[in-house]
Amino acid sequence: MGNVDYSKYSKLSPFELKDKLIELAQSRTDRMMLNAGRGNPNFLATVPRRAFFQLGLFSATESEFSFSYMPEGLGGFPRSEGLQSRFDHFILENRDKPGVVFLGKAISYVRDQLGLDPDAFLLEMVEGVLGCNYPVPDRMLRVSETIIKEYVLREMGVQGMAKESLDLFAVEGGTAAMAYIFNSLKENKIIEKGDRIAIGTPIFTPYLEIPKLNDYQLEEVLIQADANLGWQYPESELRKLEDPSIKAFFLVNPSNPPSVKMSDEGLEILADIVKKRPDLIILTDDVYGTFADNFKSLFAICPDNTILVYSFSKYFGATGWRLGVIALSNNNILDHKIAALSKKDKKELEERYSSLTTEPANIKFIDRLVADSRNVALNHTAGLSTPQQVQMVLFALFNMMDSRQNYKEAVKSVVRDRDATLYRQLGVDVPQDPNAVDYYTLINLENTSRILYGDEFADWVIKNKNPTELLFRVADETGVVLLPGSGFGVSHPSARASLANLNEYQYAAIGNSLRKFAEETYREYQQVTKKK
Ligand SMILES: *Cc1c(COP(=O)(O)O)cnc(C)c1O
């Protein structure tokens with residue numbers, strides 16, 4: 001301890017840095033590593049999973065009974081005749097098993113509350129869970145799409161938009177969505193090498209890197225949220241988007257890591273900007289929207305300009321399931337941009353998609369996304385696996401059927417209580433903000449030093465302490481892994497802690513460690529300043 005040289009770590013990439021921090025934190029056997037660097041939640045929705053497994057058991061039996069001659073282990077396609085009554089019977093027989101009643105009620109909910117055909121729904125679920133057919137339609141199963149549309153419209157705060165006015169593409173999580181979208185924007189010549197795109201920062205690290213990749217070579221314009229404004233984007237930053245050379249605005253809302261949703265004022269400014277810039281593409285990753293109070297997506301404000309990405313990973317504790325959707329309005333500007341391409345470009349694209357239809361010029365952007373996701377030629381096997389779509393539907397129904405929003409309130413208070421505990425132990429008031437989501441927290445080094453030991457100390461810390469080195473010392477000496485805010489494009493020295501993946505007492509321990517660390521640094525400061 002003491003004389004370790006941590007400065008050599010400053011040049012590591014964010015992911016190398018994370019690995020190095022973990023290595024240091026794990027280096028001692030006499031204590032536990034507390035890795036608050038991970039966004040993976042340590043909670044998960046169980047009822048919709050139970051429902052999935054029960055549905056699977058029912059469906060396997062249906063398959064086995066569909067063959068009159070049935071050797072062990074061989075079944076046929078489920079039959080629609082009498083399916084509903086056999087299902088009702090199954091629910092009744094097994095109603096004491098957790099998840100079964102929910103499954104039964106899901107059918108009634110889809111019929112009575114959503115007004116959908118219960119027979120079509122049940123057959124889609126039974127065939128889907130068995131995974132005995134390619135996903136058809138490839139973009140998303142029919143009834144499933146309608147249900148997820150309802151979920152997306154509600155959770156993203158979209159009012160007055162008919163389900164018919166949007167299309168969904170079910171994908172393998174939010175990250176697949178981003179990869180597909182960037183690729184199709186490029187393939188369809190909507191975004192080209194050298195174009196300028198704006199990125200709302202701080203942001204999830206990989207998103208800072210995609211645009212710079214060799215494939216894209218985009219010029220990044222940062223739209224920087226301000227810590228002093230509760231991490232909202234100042235109007236002057238947002239107004240940069242009025243510059244017509246900026247093709248797209250790419251953001252995570254609620255943000256990661258500040259974890260605040262865009263304020264109503266911010267949304268209004270954007271609505272105004274889009275009036276002046278009807279050609280501006282907005283790409284919003286709203287994976288944390290379901291943790292916010294009264295969330296409103298930019299998709300609700302500027303639906304025709306916005307590509308919405310939503311993932312089930314965080315809210316349902318389902319990162320391993322790989323579940324996400326891309327939503328687009330039927331009247332989106334991407335289709336208009338494709339229609340307005342030069343003759344030469346259009347011809348090239350018609351060739352690209354000519355294997356799909358006789359009128360490739362009319363393929364919508366969302367269907368191009370589907371085709372591009374399998375390099376066009378393999379389009380006939382595109383789409384998210386059907387069991388994944390079934391689990392997605394059960395997650396969404398679980399949330400929608402919960403009229404008291406018990407699950408939502410529970411997951412929100414899990415992360416918020418952890419936040420309160422961490423700051424309490426650190427000895428700092430918990431930041432209060434109606435836009436806060438608290439899935440992550442950014443611990444500001446300067447402010448914290450100021451609150452704990454005053455201005456002079458804070459100034460000394462900022463001048464004399466390298467924030468990255470501090471995180472390495474914290475990891476080495478206490479076993480606590482926090483990531484540097486700088487990796488996410490935060491300009492103030494800060495540490496990001498995920499509030500999702502440890503237990504409350506561990507957040508208390510993190511608060512304590514940081515507090516102890518501050519005390520030691522303060523002693524060092526006293527010694528150094530005394531000598532002078
Ligand atoms: C965790 C996270 C996701 C989720 O990605 P998946 O691929 O759906 O697991 C998406 N966007 C952001 C900003 C995230 O932090």
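Tutor: A cavity is a set of points, on a 1 Å grid over the protein atoms alone, where a 1.4 Å probe fits but cannot get out; lining residues have an atom within 4 Å of a point. Grid points are joined across faces, edges and corners, and a volume is the space filled by probe spheres set on the points. This is a predicted model: local features need pLDDT of at least 70, side-chain atom pairs count only at pLDDT 80 or more, and totals for chains, interfaces and linings use all residues. Residues are numbered from 1 along each chain as its sequence is written, and side-chain values use heavy atoms, without hydrogens and water.

Student: How many cavities of 30 Å³ or more are there?
Tutor: Four. The largest cavity holds about 350 Å³ of space.

Student: Which residues lie nearest the centre of the largest cavity?
Tutor: Leu445, Ser449, Leu470, Leu514 and Phe517, out of 23 lining residues.

Student: Switching to the ligand. What surrounds it?
Tutor: 15 residues, each with a heavy atom within 4 Å of the ligand. Gly174, Thr175, Asp285, Ser311 and Lys314 are the closest.

Student: Which polar side-chain atom lies 2.9 Å from a ligand oxygen?
Tutor: One from asparagine 256. Polar contacts here are pairs of N or O atoms within 3.5 Å. A polar backbone atom of glycine 174 is 2.6 Å from a ligand oxygen. For a side-chain N or O atom of lysine 314, the distance to a ligand oxygen is 3.2 Å.

Technical notes
Polar contact = N/O pair within 3.5 Å; in protein donor to acceptor, adjacent residues only side chain to side chain. 1 Å grid on protein atoms, 1.4 Å probe; cavity = no way out; pocket = protein on both sides within 12 Å on 5 of 7 lines; lining within 4 Å.
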